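Student: Please show me the model, and let us go through it by question and answer.
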Protein chains: 2
Amino acid sequence: MHRSPLSRILLSVCGAGVLVLGACKSSGSQGSGSAAALDTQGLLLPTEGMWLFTQPPRELLAKQGFQITDEWLEHVQKSCVRFPGGSGSFVSADGLVMTNHHVGRGSIDKLSTAERNLMEHGFYATTREAELKCQDLELMCLMKIEDVTASVHAAASRDMDQAVAEGARKSAITALTDEAKRRTGLDCEVVTLYQGARYHMYQYKRFTDVRLVFAPEEGIAFFGGDPDNFEYPRYNLDCTFFRVYEGGAPYRPEHYLKWSRSGARENELVFVAGHPGRTQRMFTVDHLRHLRDMRYPKTLASLWRREVQLKNFSDRGDEYARIAKDTFFGVQNSRKAITGELSTLFDPAVMQSKERAERQLIEFVEADPLRRSKWGDGWDLVSGGADRASDLYTRYQAMGAANLGWGSRLMSIAVTLVRGADERPKPSTSRLPEYADSDLARIERQLTSKAPIYEALEINALECRLLQLGEWLGGDDPFTVAALGGKSPRARAEQLVRGSKLFDPAERKRLWDGGKAAVDASDEPLLALVKALDARSRAARRTWENEVESPLKAGYAKIAEAKFAAYGESVYPDATFTLRLSFGRTTGYPEADAMIAPFTNFAGLYKRWEERHKVDPFDLPQRWIERRDKIDGGTPFNFVCTADIIGGNSGSPTFNAAGEIVGLIFDGNIHGLGGDTAYTDAQARATSVDSRGMIEAFRKVYDAQALVDELSAR
Amino acid sequence: MHRSPLSRILLSVCGAGVLVLGACKSSGSQGSGSAAALDTQGLLLPTEGMWLFTQPPRELLAKQGFQITDEWLEHVQKSCVRFPGGSGSFVSADGLVMTNHHVGRGSIDKLSTAERNLMEHGFYATTREAELKCQDLELMCLMKIEDVTASVHAAASRDMDQAVAEGARKSAITALTDEAKRRTGLDCEVVTLYQGARYHMYQYKRFTDVRLVFAPEEGIAFFGGDPDNFEYPRYNLDCTFFRVYEGGAPYRPEHYLKWSRSGARENELVFVAGHPGRTQRMFTVDHLRHLRDMRYPKTLASLWRREVQLKNFSDRGDEYARIAKDTFFGVQNSRKAITGELSTLFDPAVMQSKERAERQLIEFVEADPLRRSKWGDGWDLVSGGADRASDLYTRYQAMGAANLGWGSRLMSIAVTLVRGADERPKPSTSRLPEYADSDLARIERQLTSKAPIYEALEINALECRLLQLGEWLGGDDPFTVAALGGKSPRARAEQLVRGSKLFDPAERKRLWDGGKAAVDASDEPLLALVKALDARSRAARRTWENEVESPLKAGYAKIAEAKFAAYGESVYPDATFTLRLSFGRTTGYPEADAMIAPFTNFAGLYKRWEERHKVDPFDLPQRWIERRDKIDGGTPFNFVCTADIIGGNSGSPTFNAAGEIVGLIFDGNIHGLGGDTAYTDAQARATSVDSRGMIEAFRKVYDAQALVDELSAR
C-alpha cells in the first residue's frame, strides 16, 4: 500500500495535533472487562478490525473457523518489525526482513548517488559481504506489553483542570517510559488506547545495523506510478529485503515467518500483522465535520501546492527529479489518500451511519442518570475542542507548532539543535515530550546521519514554505516578517541554505554536544531563524494543546468510558502505529458492471505494459523485457483481501492460518481510502504482492537463487 | 506568451471582481489634459507602458529616435485583431491572420477528433477549399474610438450613494452601447480607463467566418511544455494562421502588416500591438496587500488543486489526456503566472517602490486643502473596499457570484439559459450587464456552437467544484447542501451530467428560444440546480458589488483624478484587454553569472531536444526529426525584447518602425511575471517567434510554399 509515507507526511503537514488523543479524567477503569451492556451486532462487519495482540478477536475468528492460541500470537508478534512509517517481518533464520520497496525507498535513496542509482537499477547482494549498510535505518521488534493504565490515571485527579491533568499524565508517561527503559534496556513507548481508557507500555528491541539485500527496480516496484496507485488490478513487485545484523553478524531471530509452499487460494482466510498508522473511527460527528470542513481541506491545499511545486522542480532535469522523487512520491500518495478520506466524509451514507451509532451510544448514556452525570458532556467537550481547532488551525499549522521543520531537512535539524539546547538542562519529565531522556539517543543518531542533503531541494522547500507563511498568516504578520527577514521568499531561502554549515554531520554533532552555549555562539543563519521564531511557535503549540487537545481528550475519555460500559472490549481501539492483527478473505469485488477477480498474474502485467504504450510510469525495466519469455504468465502476481488495513500497514506480511507467508501488503484500493473513519467490505480491499509472484521473479528475472533458497528453507 | 489563457482562467477562477474598476464621482474631468503638476521623471522606465492609440507616447518614442504619425497609428490599429483571450494581426491582402498556436488551440481542438488529432499532427491547407471553418471563433478589428466620458459621468451626481451612482453609470453605459451598436452596426464596448477618469467607446468590426489555414504540431508549438513555459532561451514555433472570410470569400482588409525581409537586429527598436488583459499598476499598497494575503493565495489554491486533478484525469489514458489538454494547459499557465505575481508582491523592493510613489502622490494631495477635500479620502475608500474583499472573498468565489459556471461547459450553459430567461424580459439597461441587447447575438452563437462537450471531463469538473464548495463554505452550508442535493460530490456530478440533454445544441436552442416557460417546464437536472442556487448567487454578487466594487471604484476614481492632476496624460492607463501599443529593444539580460543572448536559433532547438532526452515535453514531431539536415541551424528562431506586455498580448505582432512583421509575441520570461503590478527592464523580457524562423520552418519542414508566397508578397 502506498500509504505508508502518509503518516510521515501527515505528521509534517499537520503537526501532531488531534492525532494524538488520549487520557481520561477518572482514575478508575470504568466499564472495562467483558460485561458488555450492549452487543456489537450491527457495529462490526465479519472481517473488521485492527486488533490488539493483547485482546485478539477470538469470537470473530471462531466464526471464521479459526481458534487462535497464545503461542500463535506470540510467534506472529515477535516475527514482526516496525519500520519508520511502515511495517515488516522476519522471514528467515538469518535475520532477513521483508518489507515494501516504498517503505525501504528512503534507505535505498540514501544509498544511491547520481552514478549508482539503486532506485532506477535495483540491487541484489549475491553474498553477505555485498550487502549495503543503511545510513540511519532502524527497526523495532515488539518484545513485551505491560498495562500501565492505573499508573497514568493515578497521576491526575478528577478535580484538576484539564490542562493541568494532561500535563500530569504527560509527566507520568515520561517517567514511566524512562524507568522502563532503564529497567529493561529496551526501547519503551506508552501507547494511548481507546482515547485514554487504556495505556499500554510497548517494549521494543531496536536494531540499528540494517543492510540492503535485495531491491527491485522502481519501474517494477511502482509499475503504473501515481495513476495506478490505490487502483486495482495491480502488477507490482513492491518488495525489498533487508538483513538485520547484531555485533557484526546476521541476527538470529527467535521467531520468523516461513514461506508458504502453495500460496493463497481464492476465499481463503488470511491474516495481516502490522502497524496501521492512524484511524479516527471513534470521532464524533461534529469532529468529523471539523475534519471535512477545515483540517482535510487545509491539508489538501498544502499537498496540492507541494505536488505542483515538486513536479516543476523535477521537470528541471534528471538529477532534480532523482533527488525530489522520494518527497514527490510521498506527497502524491498523501494527496490521494486524503482526497479519498474527504470524499468519504462528503458521502451522506457514511455520515448517516456515524450519526446512528452515535445516537445509540448517547441514548445508552442518557438512559441512566449516573451515566449521564459521568459521561453526558463528553460530546459537548469534543464539539468545543473541534470548534476551537477550526479557529486556531491555520495559525497552528503556519507556526509549525509541533514541528517547525517546514519540510526542510536543514530546518528540522536547526529546530532540534535549538530546542534540544533549551530542553536538555530541564528534568526529563518537564521537557517537550519529544526531548525526553528516552529519545535522546535516537535524536543524536539522526543528527549525525551521513545521508545526503540536497541544496536545491532545501532551497525549494524553504522558499515554498516561506511563501505559504504569507498566505496563511498574511505578509505583515510578525511571524512572517521575522521568517522572511526583509527578503523575498526566494532570496531568503537561498541565504539560509547557502549560508548553512548544517550540511556537515560533524558541525551538527559539535552544536548538539556544545548545548546552548555552542548554539548561541554560532553564526548559523538557520539557528538564528529558529531562535527568532521559537517563542511564538511554542506559544501557538501551548494554546493548541490547552484549547483543542485538552477538551478533545477529556471528551473522548468520557465517550470511551461510555463505549466501554456499553460494548466492553469487544470493540478494537483506533490505530496508533503499533502492532495490530487484521484478517480477511481473498475475494474479489464488484466494480461498475463487472466483478474484479482477486488475483492478477504476469500475463496481465505485460498486457497493461503494452496497452499503456510502454511509457513512464508504465515502462518496464530492461531485464523484465528481456526475460519475458522465461516467466510463467499464469503465476499469481498481486491479490486482494478484505483485511482491515490503513497507512502504516505497508510492508505487513500476509500469512495463512499456519503462519506462513502468502503475500506482502503494499496498497489498498480506492474504495478503502475512507478507512480512516469507517471500514467497509463491499468494495474496499487490501492489496498484496503474491508470495508465488515474488519467487517467480527472483528466479526468472533476477537469478536470485540464494534469496529463493533462504526463503524456502524449512 | 503562454499567458493568454490567463485572462480567461482568471475570470473563471476569480469572477469579475475587482478586475473591473472604474467610475468617478465628479461629473467634470478633473485634472485632465497636458498641464502636469509633477513630471513622471523616475516613474517611467525608457520602454515602459501599454499606451492607448489615442494617446501614444510621442515623447518617449522621440527619445528612442522615432517620430510617430497618425497614419502609422491608424495603419497598425486596423491591422490588429482581437481573439478571445488573445491578440492577432492581418498579414496578407487576402485576410490571412497570424496569432499563436496557443491562442488558436481552443479552435484547433474543437476541429480535432480522436481520429483527426490536429493538435498532435498539425494542419496545413494547401488550397483555399481545404481550409477548415472554425466552430465558434470570432475576431474583432477596432475601427473607431469615441470619448464618452462626459455622458457616463453625467449619469451620476455627486450626492448619490456610491452604489446608486454606480448603477446609474452602468445603465448609462448599456444605453450608450446599445445606441452606438444601432447607429454604427459595429460591435461596441465602453472601456473604463484610468479607473473611471475616462470612458471610451471602442467600435469593432466582427468576423464570424474564420478558417484554419496552418497550425504546426503541438510538439513544436509548445516544445518544452510547462517546464520551459515562461523560461528563456526558448525554441517554439508558437504560431497559427487563420483566414477571415466575409460573404463566403476571403476578406480583403484595408490594412495589414507586411513581412520584414530582413528580420530584427540586436538592440533594434521594435513595437508590439495587442490586447494586454489586465494590469493592476495603479493599485494602492493596501490593495496590493489584499492581493498578496487573500486573493492570490486563494486563486493559487484553486489552481493547484485543479492542476493535480487534471493531471490525474489525463493519466487515465490517451483520450482523457487529449480532451483535458487545453484546460490543463490553461491551468498550469495561470498557476505559473500567479505564482510569479505573488512572489513579486513578497519582494520588499517592489513594495517599497510602490510605497514611495504612493507617498509622493499623497503629499501632492495633502499639500493643498482643495485637493485634499476632493481626493484625500481616496486611499481610505480603497482600503475599506479591500478589507471587505478579504472578508467576503471566499463566499463570493464559492457562490460563483459573477460566473456560476464552475469550469463546466454544461453548467455554464445552464446558467446562461436560466439567467437569460430571467433577464431578457427586462429592459436592456436593467439587466445583468452580460445580458444586454448588444450581447444577445454572441450568447446565441455560443449556445448553438457544435463544439464537442466531453462527458468524462464534465463529471470531473463538477465533482471537483462540488468538493471545493464544501471546503469553501463547509459541508453544512445551505448553498453546499443545495448543490449536493443529498449525494456525494461524485454521485451528484454523475447524476447531473449523465442526465443532461444540454449536450445537444438543438435542445439548448429550444430552451433559449422558449424563454422562462421552456426553462421552467424542462426536467433538465442542471437547470434545476441553477434555479436552486441562483438567488443566493445573485445576492452574493450584489453584496460584492456594493461593499467591494463600489468603494474601490469611488476611491480609485479620486486617486485617478489626483494622479491626472499631478501627471496629466503622461502616464498610461492599466490594461483592459483593449488595443495598446508597447515598444522595446531586442536586447539580452543577465541571469545568475551569465548574459542571456536575445536570439536563439534552430541549432539550439536540436541541442535542447538531445539534452532533454527527446522525451515529452521535449520530443519533436517526426517531420522535424526527418528534416533536420535541411534546416539552416543558424536561422534565428525566437528572440526577446523589453516591450511591456502581459497576458492577452499572446499573438501580438512584433514589428519594426516601418510597420513590418519581425516576430510574433508568445511568452514573457519568468522575471516579467510580476508585470501585473510593476514593469521592470533589468531582466523582464517579452518573447517572440522570429519572422525568419517561421519562414524557414514553412519552407523546409512543411513545404508550405503558398503560405510563404502569401506572406512575402509586397
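Student: Why does Ala130(B) count as exposed?
Tutor: The model is predicted: local features need pLDDT of at least 70, side-chain atom pairs count only at pLDDT 80 or more, and totals for chains, interfaces and linings use all residues. Residues are numbered from 1 along each chain as its sequence is written, and chains are lettered from A and ligands numbered from 1 in the order in which they are written. A residue is buried if 20 or more other C-beta atoms, placed from the backbone, lie within 10 Å of its own, exposed if 12 or fewer, and partly exposed in between. Ala130(B) counts as exposed because its C-beta neighbours inside 10 Å number 12.

Student: Where does Ala130(B) lie, and which distance separates its C-alpha from that of Ala414(B)?
Tutor: Helices (H or I, at least four residues) and strands (E, at least two) are DSSP runs, numbered from the N terminus. Ala130(B) lies in the loop between β5 (123-124) and β6 (132-133) of chain B. Along the chain, Ala130(B) and Ala414(B) are 284 residues apart, and their C-alpha atoms are separated by 35 Å.

Student: Which residues have the most contacts inside the largest nonpolar core?
Tutor: A nonpolar core is a set of buried Ala, Val, Leu, Ile, Met, Phe, Trp, Tyr and Cys residues joined through C-beta atoms within 7 Å. The largest has 271 residues, and those with the most contacts inside it are Val91(A), Val97(A), Ala414(A) and Ala414(B).

Student: How many residues does the second, separate core have?
Tutor: Phe90(B), Val210(B), Val244(B) and Leu581(B) are among its members. The size of this second core is 98 residues.

Student: In which order do the 8 strands of the open sheet in chain B run, and which strands stand at the edges?
Tutor: Two strands pair if DSSP finds at least two bridges between them. The pairing is antiparallel, in the order β1-β14-β13-β19-β20-β21-β18-β17. Each edge strand has a single partner, so one side of it is left without a neighbour in the sheet; these strands are β1 (51-52) and β17 (599-601) of chain B.

Student: How many residues of β20 (661-668) of chain A are buried, and which residue stands opposite Gly668(A)?
Tutor: The strand is mostly covered, with 8 of its 8 residues buried. β20(A) pairs antiparallel with β19 (653-655) of chain A over 3 bridges, and 5 bridges join β20(A) to the antiparallel β21 (686-690) of chain A. In β21(A), the residue opposite Gly668(A) is Ala686(A).

Student: Which helix gives the most to the side of chain A that touches chain B?
Tutor: Two residues are in contact if their C-beta atoms, placed from the backbone, lie within 7 Å. By that criterion, 30 residues of chain A are in contact with 30 residues of chain B. With 10 residues, the helix that gives the most to this side of chain A is α10(A).

Student: Which C-alpha of chain A is nearest the axis that relates the two copies?
Tutor: Copies are superposed by least squares on the C-alpha atoms of residues with pLDDT of at least 70 in both. A rotation of 180° with 0.0 Å of shift along its axis superposes chain A on chain B, with an RMSD of 0.1 Å. The two copies are therefore related as by a two-fold rotation axis. At 2.7 Å from the axis, the nearest C-alpha in chain A is that of Trp304(A).
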